[in-house]
Amino acid sequence: MGGTASLKVAGTGPVAAVITRSAPQEFGVSVSDADLSSDRAPTLFVNSEGDTYASDTVRMCGLANPPKQIDLYPGSGHGIALFDGADASDLSQRILGFLTKYAPAD
């Protein structure tokens with residue numbers, strides 16, 4: 001739900017960058033197509049290929065404005081479980097690289 005809420009908020013004001021992990025388009029909070037297309041924050045979409053919400057991730061990334069990035073990992077890990085698998089180090093590095101590029105510390 002946190003990734004969905006982050007996308008919803010990103011369309012309402014200045015946000016340095018957004019990272020979503022295993023986010024559905026609707027889950028308690030929903031992010032509309034209009035929300036996604038109005039968001040101007042750089043966005044990193046992360047999911048596993050076999051996760052229930054992988055198709056939502058791909059769809060939302062398609063609607064999002066650049067700059068955007070999508071990283072789909074093998075398996076069916078969801079959320080924090082993505083940090084437990086063989087791709088944990090790669091995922092951590094991609095997140096740090098994205099933040100360094102789009103939301104550097106002052």
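The model is predicted, so local features need pLDDT of at least 70 and side-chain atom pairs pLDDT 80 or more, while totals for chains, interfaces and linings use all residues. Residues are numbered from 1 along each chain as its sequence is written, and side-chain values use heavy atoms, with hydrogens and water left out.

**Strand 4**

Helices (H or I, at least four residues) and strands (E, at least two) are DSSP runs, numbered from the N terminus. Strand 4 spans residues 43-48 and is mostly covered, with six of its six residues buried. Buried means under 20% relative accessible area and exposed over 50%, with partly exposed in between (1.4 Å probe, protein chains only). In a regular strand the side chains alternate between the two faces of the sheet. In strand 4 both faces are covered: Thr43, Phe45 and Asn47 are buried on one side, and Leu44, Val46 and Ser48 on the other.

Strand 4 pairs with two strands, as tabulated here. Pairing requires at least two DSSP bridges between the strands.

| Pair | Sense | Bridges | Example partners |
|---|---|---|---|
| Strand 4 and strand 5 | parallel | six | phenylalanine 45 with isoleucine 70 |

From strand 4 the chain crosses through helix 3 (residues 54-63) to strand 5, and this β-α-β crossover is right-handed. That is, with the strands pointing away from the viewer, the path from the first strand over the helix to the second runs clockwise.

**Helix 3**

Ala54, Thr57, Met60 and Cys61 are the buried residues of helix 3. Seen down the helix axis, they fall within an arc of 130°, so they line one face of helix 3. The arc is taken from the directions from the helix axis to the C-beta atoms. These buried residues pack against helix 1 (2-10), helix 2, strand 4 and strand 5. Contact means heavy atoms within 4.5 Å. Turned away from the buried side, the other face carries the exposed residues Ser55 and Gly62.

**Two loop residues**

Aspartate 39 lies in the loop between helix 2 (33-38) and strand 4. Leaving aside residues up to four places away in sequence, aspartate 39 touches Ala10, Gly11 and Asn65.

Isoleucine 80 sits in the loop between strand 5 (68-73) and helix 4 (88-102). Isoleucine 80 is exposed, with a relative accessible area of 59%.
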